[in-house]
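Subject: Structure for you to look at

Hello,

Please find the structure below, followed by what was found in it.

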Amino acid sequence: MFDIGFAELLLIAVLGLLVLGPERLPTAVRTISLWLGRLRRSFTSIRQEIEREVGADEIRRQLHNESIMASLEDSKQSLRDGLESAADDIRSVERSLSRANAKQDAEDDTPEPALDEHSIAPEASGTDPETAHDASNNTPTKEKGSDPAP
């Protein structure tokens with residue numbers, strides 16, 4: 001603490017003997033040692049109190065950090081739950097779309113009923129025979145007895 005070696009202690013003892021004398025030196029040493037002991041104890045108690053305060057602050061800080069970590073973990077879990085819910089919704093929509101596409105493909109693959117040539121023929125009344133179409137090849141036909149094309 002003060003970095004006092006043996007030579008310095010011997011010098012202090014000789015000076016104390018010369019100044020105080022042999023009768024009062026033992027009581028002076030005892031008094032000085034009591035004061036030094038009290039100083040050491042007070043320094044030790046102050047140091048321990050400071051360490052307790054610093055430790056309490058550290059504990060408070062650690063508890064605060066743990067509460068923050070717990071709230072972050074809760075937020076993380078709620079986000080995961082939300083993502084899983086959204087993923088489930090997306091999967092159900094995909095399944096619905098694939099079923100709808102399969103149903104549409106099945107409807108497209110079924111053959112439509114064949115149309116009869118006579119069912120497509122134009123009605124006799126209300127149509128101009130010059131513009132009537134042949135149902136088999138969709139070419140305009142002329143009325144019978146008219147002049148053939150040159």
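Asp-88 counts as partly exposed, at 42% relative accessibility; that term covers values between buried (under 20% relative accessible area) and exposed (over 50%), with a 1.4 Å probe and protein chains only. Its side chain meets that of Arg-91 in a salt bridge (2.7 Å, N to O). A salt bridge here is a side-chain nitrogen of Lys or Arg within 4 Å of a carboxyl oxygen of Asp or Glu. Arg-91 is also partly exposed, with a relative accessible area of 42%.

Before the rest, two notes on the source. This is a predicted model, in which local features need pLDDT of at least 70 and side-chain atom pairs count only at pLDDT 80 or more, while totals for chains, interfaces and linings use all residues. Residues are numbered from 1 along each chain as its sequence is written, and side-chain values use heavy atoms, with hydrogens and water left out.

The count comes to three salt bridges. Another one joins Arg-60 and Asp-57, with the closest N and O atoms 2.5 Å apart. Arg-60 is exposed at 52%, whereas Asp-57 is partly exposed at 34%. Glu-58 forms a salt bridge with Arg-61, at 2.7 Å between the closest N and O atoms. Glu-58 and Arg-61 are three residues apart in helix 1, which means about one helical turn.

The protein has two helices and zero strands. Helices (H or I, at least four residues) and strands (E, at least two) are DSSP runs, numbered from the N terminus. Helix 1 has 104 residues, but its end C-alpha atoms are only 111 Å apart, short of the 154 Å that a straight helix would reach; the expected span is 1.5 Å times one less than the number of residues. Helix 1 bends by about 115° at Gly-21, and Pro-22 follows within four residues. The bend is the angle between axes fitted to the seven residues ending there and the seven starting there.

Gly-21 is buried in helix 1, as are Gly-16, Leu-25 and Ala-28. Buried residues make up 3% of the 150 residues in the protein.

Finally, a nonpolar surface patch of about 840 Å² includes Phe-6, Leu-10 and Leu-11. Leu-11 is found in helix 1 and is exposed at 53% relative accessibility. Patch residues have over 30% relative accessible area and no salt bridge, with nonpolar side chains (Val, Leu, Ile, Met, Phe, Trp, Tyr) joined within 5 Å and like charges within 9 Å. Areas come from the Shrake-Rupley method with a 1.4 Å probe; for residues, only the protein chains shown count as cover.

Regards
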